[in-house]
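Open the model in your viewer and keep the sequence panel beside it. The stops below go from one selection to the next.

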Amino acid sequence: MTVLYWLRNDLRLHDNAVLTALPPHATTLLPVYCFDPVALGPDPYLELPRTGPHRLPFLLETLTDLQQRYATLGSGIHFVVGRPEDELPALARQVGAEAIWASAEHTTEEWETEDALEAALNPKTPLRFFETLTLLRPQDLPIPVRNLPYSFSKFRFDVFSKMTVRPAEPAPTQLPPLPAGFAPAALPNAAALAAALGQPAPTTRPRDRRSALPALGGGETAALARLHDYAVERHLIGRYDDTRNQMLGEAFSTKFSPWLANGSLSARQIWAAIDDYDAVHGARSKGVMQLRLELLWRDYFRLLALRAGADFFRWRGLRDQLPKPTNPDRAVFARWTQGRTGQPFVDANMRELAATGFMSNRGRQNVASYLIHDLHQDWRWGAAWFEHQLIDYDPASNWGNWKYIAGTGTDVRDTAFDVPQQAQRYDRQGRYVRTWQQP
């Protein structure tokens, strides 16, 4: 049996249901990564590359690491530039693949790609999807996804005490070889990829010394090193609740999100590390509980996107509520993106984002609120800017959070932040603002 494995946001060996499911009679395996022109191309709101100057290098580092890890297990990765529905059927025919396997996504554009691929395939080549991206598989929930409440508090009440998290699956110790005689195409660098997509050559940015991200780079190797350092070496889980609203340094929060976003670290692997911390350190701390809740929040947004479909990304609210009136102004929006609004706390956060591709959760909430409620701009512009800039962009978490701050998500309460008060509370001495007072 020959299986073509379409790699997506599951760029790891550990806790990978696709690899675990490979039968003993899978004699050959062809892992394929598609650089999709849609995912790398312009968004519909700002016409900027969706995979921007921070996330693209991180993705290429991730794929370099994964390629090396696959090679040690007797396999490899084939890289193509093109739409999956064009490239994968041709590859399946070329190597005589009897099935195409992939991780399931939970958002509408990804579903459209899956539908187009299925339509293009020979009916005798089944397309099978596996759940690899969430802590809880949708079928394991104690409630059907169609009954998912439009309230995280109620979701937590309905699910938390009743849920069972499956153990993280071990990494394979061997993989089936590539099809006989097949020579996989090499991983393109950023310049070659831009040329293939007809885009301008990317500019490289040196790492900013002020960055809150650990200097580990992309990939499963770096992800597992960060998890071990954070949870085991420095025992930072225990004090997470005390530090999570800080804004400077790499230790105030986990920084797992970049690796979670492209699947080089699994949520269940983090959950297992939290369980191990609990087992060693005894009584559950607030930090342990907060981390568990944040992993559950991540699942909630994915499940909400699964339930809501296209409505998850639309202007109107999930409860059909209208956003506050806007006064769209590209010049106003540009000053926000550049950190030139005149509001020091907002500007510092926007400069950090532009320089590093990262912003704290506290910062994200404040800059989003300021754009929507103070500057009266379209929340979708802000979500698209974050998609372009964030190194840890995840469609469900990004659009779900923006929708929430806009008042069109799961909450009907006023979601505006008092930004000066927030700055006083979380940057009382002004250290964060001074750190990022210059671009």
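Helices and strands here are DSSP runs, numbered from the N terminus, with helices of type H or I and at least four residues, and strands of type E and at least two. This is a predicted model, in which local features need pLDDT of at least 70 and side-chain atom pairs count only at pLDDT 80 or more, while totals for chains, interfaces and linings use all residues. Residues are numbered from 1 along each chain as its sequence is written, and side-chain values use heavy atoms, with hydrogens and water left out.

Now select residues 99-103 and 127-130. These are strands S4 and S5, which run parallel and are joined by 4 bridges; two strands pair if DSSP finds at least two bridges between them. Trp-101 has Arg-128 in S5 as its bridge partner.

Buried means under 20% relative accessible area, exposed over 50%, and partly exposed in between, with a 1.4 Å probe and protein chains only. On the other pairing, S1 and S4 run parallel and share 4 bridges, with Leu-4 opposite Ile-100.

Next, select the whole sheet. It is open and has 5 strands in the order S3-S2-S1-S4-S5, with parallel pairing. S3 (78-81) and S5 are at the edges with a single partner strand each, so one side of each has no neighbour in the sheet. Neighbouring strands are turned by 30 degrees against each other on average, direction ignored. Select residues 55-72 for helix H3, which packs on the sheet and touches S1 (2-7), S2 (28-35) and S3, its direction making about 170 degrees with that of S2. Contact means heavy atoms within 4.5 Å. Axes are lines fitted to C-alpha atoms, for helices over the stretch in contact, and angles run from 0 to 180 degrees between N-to-C directions. Helix H4, residues 84-95, lies across S1, S2, S3 and S4 and runs at about 160 degrees to S2.

Move to helices H14 (residues 344-356) and H15, whose axes come within 9 Å and cross at roughly 115 degrees. In H14, Phe-345, Val-346, Asn-349 and Met-350 meet Gly-363, Asn-366, Val-367 and Tyr-370 of H15.

Ser-369 counts as buried because its relative accessibility is 0%.

Finish with two loop residues. Most residues other than glycine have a negative phi. His-376, in the loop between H15 and helix H16 (379-389), has a positive phi near 60 degrees; at 37% relative accessibility, His-376 counts as partly exposed. His-235, in the loop between helix H8 (220-233) and helix H9 (240-243), has a positive phi near 50 degrees. At 39% relative accessibility, His-235 also counts as partly exposed.
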